[in-house]
Amino acid sequence: MSKQNFYRTIAAELARIDASKTSKRFEHLIDSFTAEKNPKAVINGRSYAVFNSNDYMGFRHHPGVKEAEHEAVEKLGTGPGAVRFISGSFAKHRELEKALASFHRKEDAIVLSSAFAANLAALFSLSRKQAKDSLLGMNVCIISDELNHRSIIDGIRIANLAKEDKRIFKHLDPVSLEQEIRSCVGKYDRAIVVTDGVFSMLGVFQDLRAVRSILDRYDGEFPEGVLLIVDDCHGVAAFGKSGRGTEEVCGAASDVLIGTLGKGFGADGGYIAANQVVVDYLREAAATYIYSNSIAPGTAAAALEAVNILTSAEGTEMLAKLRANIEFFKTELLKAGFELAADSSHPIQPVLFGTAEKTKNMVQGMFDAGFLLSAINYPVVPRGRDEIRVQLSAAQTQADIGEFIAAFRKTAFELGYLA
Ligand SMILES: Cc1ncc(COP(=O)(O)O)c(C=O)c1O
């Protein structure tokens with residue numbers, strides 16, 4: 001017996017994953033980007049239009065954002081050097097946190113290495129008392145939308161609650177949510193409700209106004225109330241007239257907002273925006289903040305510049321262009337004879353094909369035609385709802401989208417998927 005046996009078992013598991021056609025590790029490697037305003041990805045010497053990126057505003061190639069990062073790297077170096085509470089706190093981190101808090105109309109924000117780390121931090125720290133002499137109530141239930149992101153699921157796992165204290169409500173169903181909350185009354189010190197804002201598979205969103213009104217009704221029924229955590233990684237800097245995401249679209253606020261800097265803001269890292277006492281507490285309690293580096297100061301500077309642009313007249317114009325691109329795409333796509341898997345007003349547009357094979361052939365056909373796309377398959381979406389997830393950006397022109405639709409139509413026609 002030896003670890004060689006274990007390695008052989010892993011190799012067999014990899015072969016099983018590959019045979020099921022769900023492997024993820026054979027990524028295209030992007031060598032560079034072209035110099036166009038909406039840059040194309042260069043892979044093995046050929047350029048590809050990008051329709052599968054979360055960079056909804058086009059900030060990662062914005063000259064001002066790149067310049068801010070270069071300047072900060074020159075002044076501050078490439079990495080944080082230590083975790084925040086040792087010597088890894090830079091003025092740029094605080095400036096960014098203040099800008100994010102003000103953008104989200106919260107009292108403060110805390111930046112972490114990723115939104116994944118932010119979800120782990122929030123769910124772990126706010127669900128249980130952390131130390132023997134902590135004053136937080138011990139009896140907590142977490143109520144989670146059944147299709148929440150993996151980082152929320154893992155956050156709930158590490159919160160280490162008993163099975164009966166982890167409740168699931170039906171996807172986007174306020175009636176089911178209320179049933180779960182009602183069944184928790186009298187049993188817990190506090191309830192935590194957690195949901196994605198925008199759900200990334202279909203571009204649909206939780207009705208936060210309905211959720212908020214239920215939570216407000218039950219807040220007084222628990223000694224420590226009901227807390228709403230919203231992970232709006234796909235909503236922020238993509239959705240809403242000023243880019244504040246699902247909160248803005250629904251006209252309702254979360255108590256704790258999780259965002260990423262690695263999608264709409266075009267940089268990297270994650271954050272939690274909340275009231276002062278919650279953010280102060282997270283700096284004391286969140287393991288992924290205390291024991292893990294934050295983002296590099298250059299990345300913080302890039303993200304800060306992206307927030308500043310988003311909140312300026314230029315940002316408002318970019319968001320208006322993104323909305324116009326979404327409308328144009330939907331109109332042209334439906335005209336071309338395709339079906340959408342959901343009516344999304346978000347830059348995520350899910351085109352229904354129904355089988356994994358069709359989506360795989362479409363992605364390959366479009367790659368051959370010079371476009372990068374992603375297929376979303378069962379079990380991430382229900383069987384028979386396999387889709388191509390098209391992601392739009394403010395950097396695209398209507399000509400870019402027109403070219404995409406023409407190629408999409410030609411590819412689907414040649415594969416026999418369109419009459
Ligand atoms: C809803 C949601 N939450 C969290 C994350 C994690 O974001 P990050 O890449 O910043 O860790 C993602 C990214 O896939 C996401 O879609």
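The model is predicted, so local features are taken only where pLDDT is at least 70 and side-chain atom pairs only at pLDDT 80 or more, while totals for chains, interfaces and linings use all residues. Residues are numbered from 1 along each chain as its sequence is written, and side-chain values use heavy atoms, with hydrogens and water left out.

**First stop: helices 7 and 8**

Select residues 174-184, which form helix 7, together with residues 208-218, which form helix 8; helices here are DSSP runs of H or I with at least four residues, strands are runs of E with at least two, and both are numbered from the N terminus. Their axes come within 10 Å and cross at roughly 20 degrees, where axes are lines fitted to C-alpha atoms over the stretch in contact and angles run from 0 to 180 degrees between N-to-C directions. That makes helix 7 roughly parallel to helix 8, a term for angles under 35 degrees. Now show the side chains of Pro174, Leu177, Glu178, Ile181 and Arg182 in helix 7, which meet residues of helix 8 including Ala210, Ile214 and Tyr218; contact means heavy atoms within 4.5 Å.

**Second stop: helices 13 and 15**

Move to helix 13 (residues 313-335) and helix 15 (residues 398-414), which pack at an angle of about 25 degrees with their axes 10 Å apart. Helix 13 and helix 15 are therefore roughly parallel to each other. On the helix 13 side, look for Phe328, Phe329 and Leu333, among others, and on the helix 15 side for residues including Ile401, Phe404 and Phe408.

Select residues 41-43 and 46-50 to see strand 2 and strand 3, which pair in the antiparallel sense over 3 bridges. The bridge partner of Ile43 in strand 3 is Arg46.

**Last stop: an aromatic pair**

Finally, select Phe353 and Tyr417, whose ring centres are 6.3 Å apart and whose planes stand at 65 degrees, so the pair is edge-to-face; rings of Phe, Tyr and Trp (its six-membered ring) pair if their centres lie within 6.5 Å, and planes under 30 degrees apart count as stacked, over 60 as edge-to-face and the rest as tilted. Phe353 lies in the loop between strand 13 (348-352) and helix 14 (356-368) and Tyr417 in the segment after helix 15, so the pair ties together parts that are 64 residues apart in sequence.

Note on methods: Angles under 35 degrees count as roughly parallel, over 145 as roughly antiparallel, 65 to 115 as roughly perpendicular and the rest as oblique. Two strands pair if DSSP finds at least two bridges between them.
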